[in-house]
Amino acid sequence: MFTKKKLMFKVSLFILVFLLAGLVIGSLASAAPVGNSLGLTGKLGAAIAKAPVGTGTGQIDLNAAKGFLGIPGAPQINPVLAFLWAIWVGWIFTTVGAFGGIMAGVGHMTVFGLGDYTKAFKQTAPELNKVMTDTIRMSNQWLVGLSSAIGSLNYLRAKRLAWPLGLALGAGSLFGAVVIPIVTGGKISFSAYQGWFGVAVFVVGGFLLYETTPKGQAGKKAAKAASQAFEKSVKEKGDANDQGIKVTKWGVGRIEFSFFGVEFGFNPIIAFIGGVIIAAISSFLGVGGGFLYVPYLTSLVGLPMFVVAGTSALAVFSSMVMSIVSYLNFTGAAVDWALIGTELVGVFIGSMLGPRTQKYIPDIWLKRIFVVLALYVGLGYFSKGFFGTAWVPM
Amino acid sequence: MDWWISLDGLLIHLYRLTGLPVPDYFIGTFLLALITAIIGDFTTSLVYRANRGYYRKLNSRLGHLHEMSMVALHLKEKTSYKAVNREANDTFGLLFFSMFGMSAAYLWPAFFALAWMQTRFGEVRFPLLVGDWTVGFFFTFLVSYLLARVVFAQTKPYLPYFKHVVDDLNREDHHKIALEERTS
């Protein structure tokens, strides 16, 4: 029989449970912030000050040992792991090329645990999430951008630079490299960055995949055969001395110049826009400039390789440096100098191994391995970034 | 990750030469930058010597393909020019990325120097002459590093070991190599 006493008991129990739930949720939602920068400077310190204190996910455990960037409780990156992963990255640079930058990004995001740590602050400390994301983006750029220094300066010293094209492309790339950190700095969550990084990896994987297909292979073989046939048929040997670049026409819509007695022309506005887009992509992701400029210049102007080399080298190096400076100045992204130093050591050791192992692994099989890696990483990052869970184990 | 901190006792002596804090800071930073430049050049030479044959092979191929593409241009053979140029671009890509190791070898000591400087001089700021801006250890090290590179570049041809490195690196001009192979 239902009695008044039983009803009172049930109502009291409900109110008690409701109050307890409120207390628990309230304590989680309004965990006391750290309140000070913990000695960390700039935007990182300011973001840390606002992060909640605690031992749970997305909280700062003040009693934990200091990890990445000196943040208590942050991952303590094993220097041996960082060194070995960087050897892998350096090896890839000298065997496949561009994919090394992607692997450097994978190291920062997944292998060293920085991605998951950063992601944990998405709801609890969004500002810290975004500062850490900028730091990861910039870490990729330090490694990839600085690694292009010597190659770029060598081609600049050789003075094979189509300077009208270099100016237009360079101006665009500098613009892109400055604008992206300003516009996106402190605004991109790690999930969004990871998702877009996954998309970029898919695109690179797609290019690599095409090169391993019969059609891709046939195109390359045909070009090689034509090249070899031409070499054999050459009857007169051209003058190997460069005649330099001479501008013959200036215009907003078209610039023409001669090189080796042959006329070339391009639209400086298209070159500028191309520079903006390529630099913006590489600045946003932290990778990607090096392998995009050359095909762009080749398709835009059809210049001889030697001229493209110098021009693209100028754009790659200058845009990367400008992007790093912009991240430092405008986003407050922090730098783990020792991590970058350790990775650079690994890269140079890996680059010494690459030429020695090349003869044992056919180029086509290398590409196939990296196609699989690219599709796996791309799928995992795309799904984890945009949908919250990885569709492949990672 | 903090083995460089164990060098603190050694490195700080670079900053105690005159007894005057500000001049000592700049002199010490310059000396530190010079040390990193010397170590960086040494490790770059190791990478170059380890990969010299590979770079020469690629440079030689590049030079040869460049000459072929110029001949094709001169003869107005567009198809051949595109084919040879494509080969050249592929080879350039391989060479460009393979030189990443040399850059990494060139720069790694500077980053450990910066890691150490952050522990010692992380709070130090210098006002600029213009406006209210200030600069910290990174900017001062960067300027010192560029200066140290210039100084070292001038003295390198006269130093043992580095003299041979300079000679070797000068020969890396791919145009000269292509010509040598053509005429040999």
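Okay, let's start with one residue, Pro23 of chain B: it has 11 C-beta neighbours inside 10 Å, so it counts as exposed. Keep in mind that this is a predicted model. Where does Pro23(B) sit? It's found in helix H2 of chain B. And if you look for Tyr145(B), that one is 122 residues away from Pro23(B) in sequence, with 16 Å between their C-alpha atoms.

Now for a contrast, hop over to chain A and find Glu343(A). Buried or exposed, what do you think? Glu343(A) has 29 C-beta neighbours inside 10 Å, and the cut-off for buried is 20 or more, so it counts as buried. This glutamate lies in helix H15 of chain A, which covers residues 337–357. Which residues does it touch, if we skip those up to four places away in sequence? The answer is Ala82(A), Ala86(A) and Leu143(A). Take Ala82(A): it's 261 residues from Glu343(A) in sequence, yet the two C-alpha atoms are 6.2 Å apart.

Next, a pair of helices. In general, you describe two packed helices by the angle between their axes and the distance between those axes. Here we have H7 of chain A, residues 126–147, and H14 of chain A, residues 305–331; their axes come within 10 Å and cross at roughly 150 degrees. Anything over 145 counts as roughly antiparallel, so that's what we call H7(A) and H14(A). The crossing itself is left-handed. On the H7(A) side, the residues that meet H14(A) include Met138(A) and Trp142(A), and on the H14(A) side they include Ile324(A) and Tyr327(A). Sorted by class, that contact has 6 nonpolar, 4 polar and 1 charged residues.

Okay, on to the core. The largest nonpolar core has 154 residues, and the ones with the most contacts inside it are Leu344(A), Phe348(A), Leu107(B) and Phe111(B). Which helix gives the most to this core? That's H4(B), with 15 residues.

How values were computed
Residues numbered from 1 in each chain as written. Chains lettered and ligands numbered in written order. Predicted model: local features only at pLDDT ≥ 70, side-chain atom pairs only at ≥ 80, totals over all residues. Axes fitted to C-alpha atoms, helices over the stretch in contact; angles between N-to-C directions. Helix = DSSP H or I, 4+ residues; strand = E, 2+ residues; numbered from the N terminus. Parallel < 35°, antiparallel > 145°, perpendicular 65-115°, else oblique. Left-handed = near helix turned anticlockwise from the far one by under 90°. Contact = placed C-beta atoms within 7 Å. Nonpolar A, V, L, I, M, F, W, Y, C, P; charged D, E, K, R; others polar. Buried ≥ 20, exposed ≤ 12 C-beta atoms within 10 Å, placed from the backbone. Core = buried A, V, L, I, M, F, W, Y, C linked by C-beta atoms within 7 Å.
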